Amino acid sequence: MSVNVLYKTSAKATGGRDGHAATLDGALDVKLTTPKELGGGGGAGNNPEQLFAAGYAACFIGAMKFVASQGGPKVPADASVTSTVGIGPRSAGGFGLAVELAVSLPGLPRDEAEALVEKAHQVCPYSNATRGNVDVKLSVV
């Protein structure tokens, strides 16, 4: 499937999980550390899963707003998405991710909230990128 790219960005990483990553425009610049659970030292810094979780959560809110602009229910100003990203060995070998998105839509009736979340999951680029590859669990909280 082709994509009509409207925006793109580039980032460069060095040193792997115990290294450094930055966008080429300098807008994002992070020290990377491996979590203790994955055999690293932990400590100050971020890891790819944290960055992915933050990006997915923000993008999912954007997807809900897009759905709302197409005639869906209005997204409350205090809406939030908590994205939990897990990593671990896969039964088929290698490593894989698992994602949980807990969506809070205060004041929206549950049936409307659940429909909005399902529609957003169909248009969100992160959801489309992970579909069929990563187990993504959605919940309205």
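**Close-up 1. Thr 14 and its counterpart across the strand pair.** In this predicted model, Thr 14 stands opposite His 20, a residue of strand 2. Strand 1 and strand 2 (residues 20-23) are paired in the antiparallel sense over four bridges, where pairing requires that DSSP finds at least two bridges between two strands; strands (E, at least two residues) and helices (H or I, at least four) are DSSP runs, numbered from the N terminus. Residues are numbered from 1 along each chain as its sequence is written. Because the model is predicted, local features need pLDDT of at least 70 and side-chain atom pairs count only at pLDDT 80 or more, whereas totals for chains, interfaces and linings use all residues, and side-chain values use heavy atoms, with hydrogens and water left out.

Close-up 2. The three strands are arranged in the order 1-2-3 with antiparallel pairing. Strand 1 (11-14) and strand 3 (29-31) stand at the edges and have a single partner strand each, so one side of each is left without a neighbour in the sheet. On average, and with direction ignored, neighbouring strands of this sheet are turned by 10 degrees against each other.

**Close-up 3. The salt bridge between Glu 49 and Arg 17.** The closest N and O atoms of this pair are 2.5 Å apart, a salt bridge being a side-chain nitrogen of Lys or Arg within 4 Å of a carboxyl oxygen of Asp or Glu. Since Glu 49 lies in helix 1 and Arg 17 in the loop between strand 1 and strand 2, the pair ties together parts that are 32 residues apart in sequence. Glu 49 is buried at a relative accessible area of 10%, while Arg 17, at 27%, is partly exposed (buried means under 20%, exposed over 50%, partly exposed in between, with a 1.4 Å probe and protein chains only).

**Close-up 4. The salt bridge between Glu 114 and Arg 110.** Here the closest N and O atoms are 3.1 Å apart, and the two residues, four apart in helix 2, are separated by about one helical turn. Glu 114 is partly exposed at 39% relative accessibility, as is Arg 110 with a relative accessible area of 48%.

**Close-up 5. The crossing of helix 1 and helix 2.** The axes of helix 1 (residues 48-69) and helix 2 (residues 110-123) come within 8 Å and cross at roughly 110 degrees, the axes being lines fitted to C-alpha atoms over the stretch in contact and the angles running from 0 to 180 degrees between N-to-C directions. Helix 1 is therefore roughly perpendicular to helix 2, a term that covers 65 to 115 degrees.

Conventions: Angles under 35 degrees count as roughly parallel, over 145 as roughly antiparallel, 65 to 115 as roughly perpendicular and the rest as oblique.
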